[in-house]
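Subject: Structure for you to look at

Hello,

Here is the structure I said I would hand over. Please open it first and then read the notes below it.

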Amino acid sequence: MVSDDYYLHEDLMEEIMVRLPVKSLLRFKCVAKSWYALITDPSFISKHLERSNSISKNLHLKLIFQLFSQYLPVTISLISNIEQPRVIRNLELPCSTNDLKWILVYGQCNGIFFLCGDYEGDVRCSILWNPATKEVKAIPTSQRQPKGINPTNFGFGFDPITKDYKVVRFPICPVEKNDQPLVEVYNLSTNSWRKIDADVSFFEFPYSYRGPYLNGAYHWLCRDLDEINKFIVSFDFSKEVFKIIQSPPGITSSSTENNLLTTMDECLAWFVKYDSIEFRVEIWVMNEYGVESSWSKKFVVRPFSESWHILGFWGDNEILVYENISGQMISYNFRNGQRQRLQNHFPTMKMMDYVESLCPLGGKGKYQKI
């Protein structure tokens, strides 16, 4: 008979280990079979992720993705606002760099990123990547999609009902005029694509490279075909339907290039930059998800440099911006106006929130171009 002291020891061990970083836990998998069983247990992985999310609410970690550059190699970097000085650290790429032209990031959820890499010769790889575990899952090509690299919108997220990761994809423009765009969903559990009955032909997606995952749905900033009104289109991963969320009042006249949709305290947040007589940024927050009347203007940041490009929140009172003139990232405190210049980096970039997780993908190591 096993004593109660033994079970107490196991409980205490779990409480200690759930507080450890992923890198340590991966090493500890080799210590004993019982440790391996604990660290790979789905309930422990969920508990570890829940704790990681709770301590990352002020968004300490960011991944920075270099976009298009003819002169610099493709780079993915990590930056933390905990470390001083704030250093940008390059990560090992999750795919082969031979003939790699660029990497595009289309979303992140639970520490997993969905990436597309474009290679010379019209070759595209689509992968799921967990930077903490370095696990990579290559996503197969859909047999319904036309060959070659076609302008495509993606969304990535987690279905809270089936506990499955999914990718939704559809062309930015129909292949033939007046054709209804083909909408497909990839399931990680089956490693396959399937067609769904959904119509997105009434929307234009000018911001196709990133959007936030929140409340079981992926979100894009869109505009109507008249290019006048802006709104949010969401894709519910459980119901597999698209929905429209109207914009905050009074922002429809702002330039489309100056909008950013992100999250703040688990709420949708909309940055609007006005390039007019008074350069300013308004930050709107939807306090109750899906309730359009709950939009409220939380902050107005002024003056705001015309040469600054908004990257997103960084901590409770800071935003990260990219300065076109100097090519530097700047940490800007929008409450007291203090700013800190960070090291020179990419000519064009996208920034995503990041939380370490043990979430498995059932994949292997680095993607290799065939």
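Tyrosine 332 has a relative accessible area of 5%, so tyrosine 332 is buried (buried means under 20% relative accessible area, exposed over 50%, and partly exposed in between, with a 1.4 Å probe and protein chains only). Tryptophan 308 also counts as buried, at 3% relative accessibility.

This is a predicted model, in which local features need pLDDT of at least 70 and side-chain atom pairs count only at pLDDT 80 or more, while totals for chains, interfaces and linings use all residues. Residues are numbered from 1 along each chain as its sequence is written, and side-chain values use heavy atoms, with hydrogens and water left out.

Confidence comes next. The average pLDDT (the predictor's confidence in each residue, from 0 to 100) is 81 for the protein, and 81% of the residues score at least 70. Over residues 1–6 pLDDT stays under 50, and the model has 1 contact there beyond four places in sequence (contact means heavy atoms within 4.5 Å). Where pLDDT is low, the predicted coordinates should not be read in detail.

The protein has 4 helices and 25 strands; helices (H or I, at least four residues) and strands (E, at least two) are DSSP runs, numbered from the N terminus. Of the 370 residues, 52% are buried.

Now the aromatic rings. The whole structure contains 21 aromatic pairs. Rings of Phe, Tyr and Trp (its six-membered ring) pair if their centres lie within 6.5 Å; planes under 30 degrees apart count as stacked, over 60 as edge-to-face and the rest as tilted. Phenylalanine 113 and tyrosine 354 make a tilted pair, 5.9 Å centre to centre with 40° between the planes. Phenylalanine 113 is in strand E5 (residues 112–119) and tyrosine 354 in the segment after strand E25 (349–353), so the pair links parts of the chain 241 residues apart. Both phenylalanine 113 and tyrosine 354 are buried. Tryptophan 308 and tyrosine 332 form an edge-to-face pair, because their ring centres are 5.2 Å apart and their planes are at 65°. Tryptophan 308 lies in strand E21 (residues 308–313) and tyrosine 332 in strand E23 (residues 328–333), so this pair ties together parts that are 24 residues apart in sequence. Ring pairs also link a cluster that includes Phe170, Tyr213 and Trp220.

The largest nonpolar core has 48 residues, and Phe113 and Leu115 are among those with the most contacts inside it. A nonpolar core is a set of buried Ala, Val, Leu, Ile, Met, Phe, Trp, Tyr and Cys residues joined through side-chain atoms within 4.5 Å. A second, separate core of 19 residues includes Val281 and Phe304. Not counting residues up to four places away in sequence, leucine 115 touches Phe65, Ile76 and Cys125, among others.

How many disulfides does the structure hold? The number is 0 (a disulfide is a pair of cysteine sulfur atoms within 2.5 Å). The closest cysteine sulfur to that of cysteine 95 is in cysteine 125, at 4.8 Å, which is too far for a bond. Cysteine 95 counts as buried, at 1% relative accessibility.

Last, histidine 48 is found in helix H4 (residues 42–55) and counts as buried at 2% relative accessibility. Leaving aside neighbours within four places in sequence, the contacts of histidine 48 include Met17, Leu25 and Leu358.

Regards
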